[in-house]
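Subject: Structure handover

Hi,

Here is the structure I promised to pass on to you. Please open it first, and then read my notes below.

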Amino acid sequence: MAAHTQEQFDLFISQLRETNATLDFYCDFPKIAKNVADIEISLNTLNYLIGKEDLRTAVQALWNRDKRVFEVMDILIATRKKDGKKYIDNDGSMHLIHSLFTSVEGVMKFIEGTGLDKVFKNKEVKDLVDYVFGVETGLDTNARKNRSGEITETLVARIFDNAGIKYRQQVSSKEYPAISAVLGADQKVFDFAITTKNKTYLIEVNFYSGGGSKLNEVARSYTDVAPKVNGVSGFEFVWITDGEGWISARNKLEEAFAAIPSIYNLTTIHEFINYLTI
């Protein structure tokens, strides 16, 4: 017998949210500020280049004083050494951008090749510390995908807190020998664990604003995990998921919905909480 009816699934789909973003989702300013602070001294030193007509002489003067300041210049074009970004030379050969910062000639090649020479000479940037803060803010948007899951967990934790529900986060299946035994090699770290007088609920939480193959994999995985957990006396698997990304993976979600008794979204999570507090 299916865990839910077609009518219940259709309602679930209609409730999926476009976004889970809170205002702090868009930029992680503490991280941005730290990234800038880590190289602030070098950036302040490189400010010497701003407004200089004879950039080669200015670069040579800085090089003679402390050539290490040039090691941070890749951030001026929104790349980092750890990213291993490369460029193609005029002869078609490929090189690491960071390899340019090993000589005055390389630094000049970088400055002129990227167009930073005009930026410096025309004073289009007044202060490199402020400029890099903006660059880091732009680069931080790439981390939003990772923050989405964290934000959903934080949101669910806040909902539990407001309801007076006691829980633990990031709980390994290995803490429960019976669960560990049925999962075998497929051990998990559950996002939440809630223990009541009669049962322990092992909870996974996620949000998908966009589609992709990962959604199919997640639905398939939880469809496999749920009956294993539910088959152990005193345990129940709970999946809280949301996001319009599921519309593109509707078929897989529907299969999971028919197999997993406890699936909730951010609209119906109160039903789970009411069930816990009965």
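Strand 3 (residues 168-172) and strand 4 run antiparallel and are joined by 4 bridges; here strands are DSSP runs of E with at least two residues, helices are DSSP runs of H or I with at least four residues, and both are numbered from the N terminus. Two strands count as paired if DSSP finds at least two bridges between them.

Before I go on, a word on what you are looking at: this is a predicted model, in which local features need pLDDT of at least 70 and side-chain atom pairs count only at pLDDT 80 or more, while totals for chains, interfaces and linings use all residues. Residues are numbered from 1 along each chain as its sequence is written, and side-chain values use heavy atoms, with hydrogens and water left out.

**The sheet**

A hairpin of 4 residues makes the link from strand 4 to strand 5.

Strand 5 and strand 6 run parallel, joined by 8 bridges, and Thr200 stands opposite Phe235 there. How many residues of strand 6 are buried? The count is 8 of 8. Phe235, Phe237, Trp239 and Thr241 point one way from strand 6, Glu236, Val238, Ile240 and Asp242 point the other way, and all are buried.

Taken together, the 5 strands form an open sheet in the order 3-4-5-6-7, with mixed pairing. Strand 3 and strand 7 (263-264) are its edge strands, each pairing on one side only. Helix 12 (residues 269-277) packs on this sheet and touches strand 4, strand 5, strand 6 (235-242) and strand 7. The direction of helix 12 makes about 170° with that of strand 5; axes are lines fitted to C-alpha atoms, for helices over the stretch in contact, and angles run from 0 to 180 degrees between N-to-C directions.

Lys199 sits in the loop between strand 4 and strand 5. Its relative accessibility is 24%, so Lys199 counts as partly exposed. Setting aside neighbours within four places in sequence, Lys199 is in contact (heavy atoms within 4.5 Å) with Ile194, Gly234, Phe235, Glu236 and Tyr275. For Glu236, which is 37 residues away along the chain, the C-alpha separation from Lys199 is 7.2 Å.

Ser42 belongs to helix 3 (residues 40-46). Ser42 counts as buried because its relative accessible area is 18%. Beyond its neighbours within four places in sequence, Ser42 is in contact with Val69 and Val72.

**The cores**

A nonpolar core here is a set of buried Ala, Val, Leu, Ile, Met, Phe, Trp, Tyr and Cys residues joined through side-chain atoms within 4.5 Å. The largest one has 35 residues, and those with the most contacts inside it are Leu46, Leu49, Phe70, Met73, Leu76, Ile111 and Phe120. Two or more residues each come from helix 3, helix 4 (55-66), helix 5 (104-114), helix 6 (116-121) and helix 7 (128-140). Leaving out neighbours within four places in sequence, Met73 is in contact with Leu46, Phe101, Val107, Phe110, Ile111 and Phe120. Apart from this core lies another, of 30 residues, including Phe190, Val218, Ala219 and Ile263.

**The whole chain**

The protein chain has 12 helices and 7 strands. Its C-alpha trace spans about 80 × 40 × 40 Å along the principal axes. The radius of gyration is 26 Å, whereas a compact globule of 278 residues would have one near 19 Å (taken over C-alpha atoms; the globule rule is 2.2 Å times the number of residues to the power 0.38). Of the 278 residues, 44% are buried. Among contacts with a separation of 6 or more, 68% are between residues 24 or more positions apart. The chain exposes about 15,100 Å², of which carbon and sulfur atoms supply 50% (Shrake-Rupley method, 1.4 Å probe; for residues, only the protein chains shown count as cover).

Best wishes

Conventions: Buried < 20%, exposed > 50% of the residue type's maximum accessible area, 1.4 Å probe, protein only.
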